[in-house]
Amino acid sequence: MSAAQSNAIKVIALSAASIALLSACGEPKATPMDDEYAGNSGESVQSQEEKSKTDGKASGDTADDGDATKNRADANSATSDKQDTGNYADGDYSINGQYGPVGEDTIDVHLTVKDQNVTAVEIVGHPFTSISKKHQNDFAKAVPDAVVGKPLKDLKVDKLAGASWTSEAFNKALEVARQEASIQ
């Protein structure tokens with residue numbers, strides 16, 4: 001084996017190892033937000049949970065009056081601690097979706113559910129780059145037409161406005177919204 005072939009094999013092996021290590025970095029994930037105004041504050045979920053405990057109440061422990069935002073964060077699984085039952089309570093739900101090669105971009109997804117259907121949606125973007133900002137803005141404009149008036153159950157969007165990663169993060173947020181809205 002020549003030195004050039006040996007070096008080529010080393011480069012291929014190193015590339016494969018790098019790809020394997022980074023493959024999970026870009027996975028979109030979503031967690032319920034602590035309140036309807038929460039965003040990517042840089043505060044860790046652990047510190048948010050401790051703050052909830054010291055406030056004397058856990059997030060999500062509000063009466064089901066339809067106006068309260070329902071939330072409960074789980075830092076490790078990037079989902080809610082509830083199960084999707086397919087039967088959803090009316091209310092407003094806010095979820096933070098994170099995505100990008102190293103999770104640097106986030107979107108806040110605010111959904112209103114009434115009679116099992118999405119009646120309103122708002123996306124607040126927290127882009128890391130100007131390219132992300134354009135994709136998030138285009139997605140935010142396109143998403144209401146794609147989801148408002150549709151049943152929450154099994155709702156999913158395909159790539160909207162050329163924003164594939166934003167769409168994936170939104171779909172993860174929908175999964176969490178279904179779990180949070182589920183009547184147990």
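Confidence in the predicted model of the protein chain is lowest in helix α2 (residues 45-54), with a mean pLDDT of 39, and highest in strand β5 (residues 117-126), at 97. Here pLDDT is the predictor's confidence in each residue, from 0 to 100. Helices (H or I, at least four residues) and strands (E, at least two) are DSSP runs, numbered from the N terminus. The average pLDDT of the protein chain is 75, and 65% of the residues score at least 70. Two segments stay under 50: for residues 20-24 the model has 0 contacts beyond four places in sequence, whereas for residues 35-78 it has 66 such contacts. A contact means heavy atoms within 4.5 Å. Residues are numbered from 1 along each chain as its sequence is written, and side-chain values use heavy atoms, with hydrogens and water left out. As this is a predicted model, local features need pLDDT of at least 70 and side-chain atom pairs count only at pLDDT 80 or more, while totals for chains, interfaces and linings use all residues.

The protein chain contains 4 helices and 5 strands, arranged from the N terminus in the order α-β-α-β-β-β-β-α-α. Of the contacts with a separation of 6 or more, 62% are between residues 24 or more positions apart. Buried residues account for 34% of the 184 residues, where buried means under 20% relative accessible area, exposed over 50%, and partly exposed in between (1.4 Å probe, protein chains only). The accessible surface amounts to about 10500 Å², with 53% belonging to carbon and sulfur atoms; areas come from the Shrake-Rupley method with a 1.4 Å probe, and for residues only the protein chains shown count as cover.

Strand β3 (residues 91-99) runs antiparallel to β4 and is joined to it by 9 bridges, with S94 standing opposite H110. The two strands form a hairpin with 5 residues between them, and G100 in the turn has a positive phi of about 110°. Strand β4 is mostly covered, as 8 of its 10 residues are buried.

Side chains of opposite charge can pair when their charged atoms come close. The whole structure holds 3 salt bridges, each defined as a side-chain nitrogen of Lys or Arg within 4 Å of a carboxyl oxygen of Asp or Glu. R178 and D84 meet in one of them, at 3.7 Å from N to O. This pair links distant parts of the chain, R178 lying in helix α4 (residues 164-181) and D84 in the loop between β2 (69-70) and β3, 94 residues apart. R178 is buried, at 9% relative accessible area, whereas D84 is partly exposed, at 39%.

K114 forms a salt bridge with D90, the closest N and O atoms being 3.9 Å apart. Because K114 belongs to strand β4 and D90 to the loop between β2 and β3, the pair ties together parts that are 24 residues apart in sequence. K114 is partly exposed, with a relative accessible area of 47%, and D90 is partly exposed, at 29%. The salt bridge of K134 with D138 has its closest N and O atoms 2.6 Å apart. Both residues lie in helix α3 (residues 130-147), 4 residues apart, about one turn of the helix. K134 is exposed, at 51%, while D138 counts as partly exposed, at 24%.

Methods:
Pairing = 2+ DSSP bridges.
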